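Work through the exercises below with the sequence and the 3D view open. Try each task before you read its solution.

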Amino acid sequence: MNPPAVQTASTLITLLASFMLVLQLLLAVQTMLVTNIRLFALQSLLLAAIAAVVAYAYGAWHVYVVAVLTIIGKVFFLPWRLERLVRQIKIEQEIRPFVNMPASMLICGALTVLAYVVARPITSLERLGSNTLAVAITLLLTGFFLMINRRKAITQVLALLTMENGVMLAAIALTTYGMPLVVEIGIFFDVVIAVMVLGILVFRIRETFASMDVSKLNQLKW
Amino acid sequence: MLLTFILGVPLAAGLLCLFARPRRLVEILNLGGFAIVLMLGIKLFHTVLAVPGSARTECGEFLRADALSAWMVLLISAVSLATSLYAVSYFRRDLAGGVVSERRWREFYVLTPLFATGMLLVVLANNLGVMWIAVEATALSSVLLVALYNRQNSLEAAWKYVMLGGLGLVLALFGTILTYAAAIVPPRSEMASFNWSSLQAMAPHIDQHLMTLAFIFVLVGYGTKAGLAPMHTWLPDAHSEAPSPTSAMLSGVSLKIALYALLRFHILTSACLGSGLSCHLLLGFGLFSMLLAGPFILMQKNLKRMLAYSSLEHVGLICAAVGMNAPLTVFGAMLHMGCHALTKPVLFFAAGNIHQQYHTLEFRRIGSGLAGAMPATALLLGLAAVAVCGLPPFGLFVSELTVIAGGFTSQQSWVSVVILASLIVVFCGVLNKFSGMLLGPGKGGAPRETISISNVAAMGLPLGALLFFTVRLPDSLWQLMNQAAGIIRGSP
Amino acid sequence: MNLSLPAIIAQTALLLLLAPLLSGLIRNWKAKLQNRRGPRVWQLYFDLAKFWRKDMVISEHASWIFSFTPYVMFLTALAAGLMLPMVTAQAPLGLFGGVLALVGLLALGRFFLALGGLDPASAFGGMGSSREMTIAAIAEPAMMLAIFTLAIAAGSTSLSQIVMASQGPGWKFLDPSHALAFTAMFIVLLAETGRIPVDNPATHLELTMIHEAMLLEYSGRYLALIEWGASIKQLVLMALLANIFFPIGLAAETTPGTFALGLLWLVAKLLALAGAVVLVETCNAKLRLFRVPDLLSAAFILAMLALVSIFLFK
Amino acid sequence: MMLPPTTLLIASLCGYAIGAVGGLLFMRREKLAAAFTFGVAALSASSSLLAGLFILAGAPPGANGPLDLLPPLIPYLKFTVRLDPLGAFFLVLVSVLGMAISIYSLGYARGFFGRKNVGVLGASYNALLLATTLLFAADNIWVFLIAWELMALTAFCLVSFEHEKPETRQAGVLFFIMSHIDAGCIIAGFLLLFQASGDYSFSSLHDIGARMSSGHRNAAFVLFLLGFGIKSGVVPLHVWLPVAHPVAPSNVSALMSGVLIKTGIYGLTRVCFDFLGPPPLGWGVTILAVGTVSAVLGVLYALMEHDLKRLLAYHSIENIGIILMGLGASLIFLHTGHPRLAALGLIAGMYHTINHASFKGLLFLGAGAVAQATHTRNMEEMGGLSKQMRETAFYFLVGAVAISALPPLNGFVSEWLTYQSLLQGFDVTESMWRLVFPLSGAMLALTGALAAACFVKAFGITFLGQPRSERAANAVEAAPSMRIGMALLTAVCVLLGLFPTAFIRLLDPLTQQLIGEQISQQLTVANGLALGSLSQNPGTISTLGMALTGICLLPIPLALWLIFGRKARKRRGPTWACGQPGLTPQMEYTATGFSKPVRMIFKALFQPRRDVQREYDFSPYFATTIRFESHIEEVFVERLYRPLRIWILRVSRRVRALQAGSIHAYLLYIFVTLLLLLLFAL
């Protein structure tokens, strides 16, 4: 393959990755549930795009598979499933986080800095897209923060999924050819099944507790 | 084809249970399946032992079994067998009492073999990615098992389990990927293999920073699944709210499976960075878990939660023992895994019987004088408690003392002292609660328990086995554990 | 260390005969000091003879212990006496035990006497034995310390050895540790023999009596044995004091002359001690029971000082 | 023909095992179970007794093992046993007691027929004996610890045998917790030794202390002192003892007080004389001081008790203290380099050990007989039992005289030896420390006298006077087998008392092994008639001589009787009650009243709480009912243990707040952990 192509690919990846980061921050401050879901879909789309770029740059066909799977699964199927769930158990759209918007912005910023600090000494990965590792870690940490900061079950699931996006970003961009195919597919289906299971649980919880507020689930202690 | 069979048999059993109509057939499918797995497991460890230090691979290096995996296979199959044996009488009573519906009952018999298959795949997978997938699979199957009773509490427990477990697994996945990324050393730019065998071979050349980062994520991730404090918070909920057979499997093996996954990375890391970092982290988390378990057990109000916390303590002990990284301690850890796997299920089974008798697990409501009301259960519970407190003549005494002695020989006396102290604290709690529950005057007019042979067998056989192996440990088993310990200490 | 039968017989006789006389003497002198005529010196002999002849009334609640006690009391006192060098430096039964054995035998007698007090189920007996045992208990450490001071000097617990050691060259018994120890022992002697200020042998007032309370139920032969035993015990203790602290004139070699001399010395020392006891008894009032410990702890301190002074003056 | 000792030992171990199994098998048939288990136990005990005696009598070298009971479990875990003189001595101890108590139990177990499961009792009783025997024969850290833990476990089963009563359950829990703590200390101590030796066998630990750094040595010593101290009930680690011993069935109490607490003495002796090498001065002084304190406080608290078995339990503490005095003195002599004196001290300690075993066992058996006859342990409800239970009363009296250290019985002999070693200790050193010796001697005197007072109370209130309750009034004599059991121990007390020199000869191998001196010859005076004290102009005693003197003097009172009182007659009459008719038991002195003077004298220690409630109609001077209540609390429980427990529970409650149930908090924990690791591990 020709160096310039790699160059462009790498810049592209960096760009897309940073977009993912932006979306993540939007997620952190956005308070409408459905919008959250859509944002997640968008983020996944970017992820797919990155996958496509990597696949093109290295002509590795199985990374295309990953891209396709991501589009099918995370861009269309999961958001659709989640929105349906939201509609089924008509929960109000408003998300009331524990930490208010400015504070959460600050925290996310701090986490980003931390991620860069952590990723700095690792030099052996400057193959494709600079700083993708940092972005991945940021996605992970901010996703984690979202998970803590959200009250409702579904939003926590969403946060978990964004974390998963970060992981996939690392999987695609850091490892020259993506993971071995079997692993990719396995992970993908695991995620899908996980969301199914979560859906089932959310549904059952809804009908037993007549509420989606996870912070009400505190009967078991000590 | 041995490994394939070991994986295939329970999978097949599980799937068949979907369609098999008559209840008895379903039960027999489970029992038979696990019995076969156990036999295969025994055959496996003999074949592994045949050539010391060797590993058996199948399906083009996709499956791989060395001494460590073989040891784990033995534990998994033994516990699953006991569980399925106990489940028969347990769920018959539940069905009779209308506690579970036919559908949920079938759910259990389908999911349990899948759960077991997942665990077997964890220990047999050669590819670390596949190992992660398998762990995730065990998590998902066990979540539904935890939520089986569909009560408020069990749903809450399941929710916490799946959220925290899922989170941990995402972190673990990240760590895994980082490891993979680290394993791609620039000169070779073609598709790297993600197989354990090759990784271990190239460990010394791995980028150290990246490996450290990876190990941290893996530690937190799999640590959550293995219930190391402070990531253990889901453990008491899930283990106490699940149906007793599931609790037995969760406490008996599933924790150790997550630990196994963690240990694989520990081996890699110490091969790459030297044993310093990972050992110290393991030691720290292990000791913290042990120390944290004490107060909760002292103040515990609920039988199964107490058992769960005792599992936390034992996992902590194993972890710390590996962290001490002396020949004696690591061997002790292996031994301890075995003994604990044989003991803890019995305790949970007995707890299940008590729950079905009194419809509560609160010590206060159960009251006293169990020895009179349910003699068989009380006796076995008492024996198992003696065992789990690390008193002779049961094996945990040997394993714990081995670990502690190892600490003294490797100039880590203070660790051993801490371990001793926390063991004593835990003992005080358990003794206090159990003597209050088992002894004393029985409640007037409480119905005497009706207990089936299979039930007693399910509790008695593991204890018998433990006692037997304590008095007479076959040389082959000793070899196996020794080699497993060797693998963990990085001698291929 | 051989056992000579004549010596044993002689000392037994001495103990049996001298004891009542000594008690009588003390009573008589006490009376004199209080301007009373008082009983004759040998009154106690007549009393004993009378008691022997009298019938006995034994409590219906009493068990065999009650009748067993007097003999134990009497015999232990005698045996203890035989282990003590009275006339000769060599105690007749010195082989069978030293000062520790002597104390032990007296304790055995006290033990049974206390049981005998409890046996007839009367309130007084219980009271008496309770107080007796308590006082003996707190008197014991002082006595032991005092004895230790001597035994350490002698390097042995055999009374003969102690006597010889303090006999040695020079007036060894004048050194401070001896003096202090002697004072301690003297206080203990008052307690052990039931003298004022610890106990009043003359009273039969319920609330004050200790020794007598235990004997209330005894009569006739048994009473004789106990009274006699008690006076022998008193003799033994006084002779012990006299001889281990002032070992003058104890017969070293066995000739009639030395024997006579030794006997004279013994009587002299006993008279002196008796005089001291009488003086103390007349000059003091009986202490309240719970003040007695103060007295005895004082004795303990003295003995302690005696021990320490071994360092100071060596 | 003479079997090799090890064979006998193995035989007895198997016997106990069979007895245990049999007990469980015949659980349903209680008569058979009782006969079988206790019969087998008695036989096994006699076999191990022979084994021990052979060793002490000087068995041919090599006849005492070592040998493996089982093939090793894991290569480093060997089940080796060996009978060296020290072990053999304690083996004799446990065997003698085991034999007597088993015979006693044959009858005693009848008391449980129909209400408790005798099979289980017999089984755990055998298991306990098995563990204890194994402990004394252990030649390997593993075997020792396994036996130690098994002993605690089985003892727990026996203590909580009558678990229907709540106080029994609490006692069991306390006992087990304490013995687990001591196990912990001992494990740590042994592993410190193992660290230096690198081998688990006792033979390799011999004088290992010489190769350890002084810090490790002292650490090990402290750990062992704590561990074995708890087990033997040394003040202030004794809290479990007066709680646990009384609630157990009396035969078990006898075994516990007689043997189990001696395992601590065994361990301490084994460790201090065999393993830890030449002792610093501090060790001996510490042990001597601890012993003195235990002796005095033990007997003082015993005096305050009116529960017969608790009283005996406190006396165990006292006697352990006396034993420790001997051992401590011996250690000091070892330090100052006087091996022969050290041997004397050791002999004193060992002698008192076996003496205490015999008379305390005897007393507990007697107490058991009484408790079974009156269905109470409270002395205030007894009295006058010497009329219905003549034999029991006699045996109890012998035990009482022996434990009060009165001649001519065994207690006197061993305390005399202790006195002698303390006395001669004064000259071994010029340092001020030597004042310790006479002082502890004085305290020993105090202890002895108080013990005498206490047993006047125990025997007098229990067996003499009028019965204070209905149950005491119609008590019946104990079963024949029980009386045989007591008679056996009585005989042991008398023999040990009258023939000390013969017994001390048996201790020669022991002192030879531990100190390298044999002094029985120097101690024997007048060819065995008297016991000497090892100094150049020795003090001597001859208990036999005293007894004979007494007998020879007996003719005097008899003769006098024949001369004067031949015509005198005996009459039975009422006790004088100040002229009032009818003496009621209420007028008798009570146990509490008996010990009142001591309580007042040592007020500072006991802090007695008393409250008197009087109800009156018109004037407080004419009370209709008066309720008097006096209560003392043990200072250590109040000041040390209760606060500790409360503190621990409070901390646990604080910690529990971590697990408050909110999933967000849980997530936060993980998050923080991750961040910290990222920050610091990189």
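**Exercise 1: a strand pair across two chains**

Task: find the residue that Val57(C) stands opposite.

Solution. Val57(C) faces Arg571(D), which lies in β5(D). Now widen the view to the strands, which are DSSP runs of E with at least two residues, while helices are runs of H or I with at least four, all numbered from the N terminus. β1(C) pairs with β5 (residues 570-573) of chain D in the parallel sense, over four bridges. Two strands pair if DSSP finds at least two bridges between them.

The model is predicted: local features need pLDDT of at least 70, side-chain atom pairs need 80 or more, and totals for chains, interfaces and linings use all residues. Residues are numbered from 1 along each chain as written, and chains are lettered from A and ligands numbered from 1 in written order.

**Exercise 2: the C–D contact**

Task: describe the side of chain C that touches chain D.

Solution. Start with the count: 71 residues of chain C contact 70 residues of chain D. Contact means C-beta atoms, placed from the backbone, within 7 Å. Next, the elements: α5(C) gives the most, with 18 residues. Last, the classes: 45 residues are nonpolar, 17 polar and nine charged. Nonpolar means Ala, Val, Leu, Ile, Met, Phe, Trp, Tyr, Cys and Pro; charged means Asp, Glu, Lys and Arg; the others, Gly among them, are polar.

**Exercise 3: a hairpin in chain D**

Task: trace how β6(D) is joined to β7(D).

Solution. Six residues link the two strands in a hairpin. β6 (residues 609-616) and β7 (residues 623-631) of chain D pair in the antiparallel sense over eight bridges. Within this pair, Arg614(D) has Ile626(D) as its bridge partner.

Methods:
Two residues are in contact if their C-beta atoms, placed from the backbone, lie within 7 Å.
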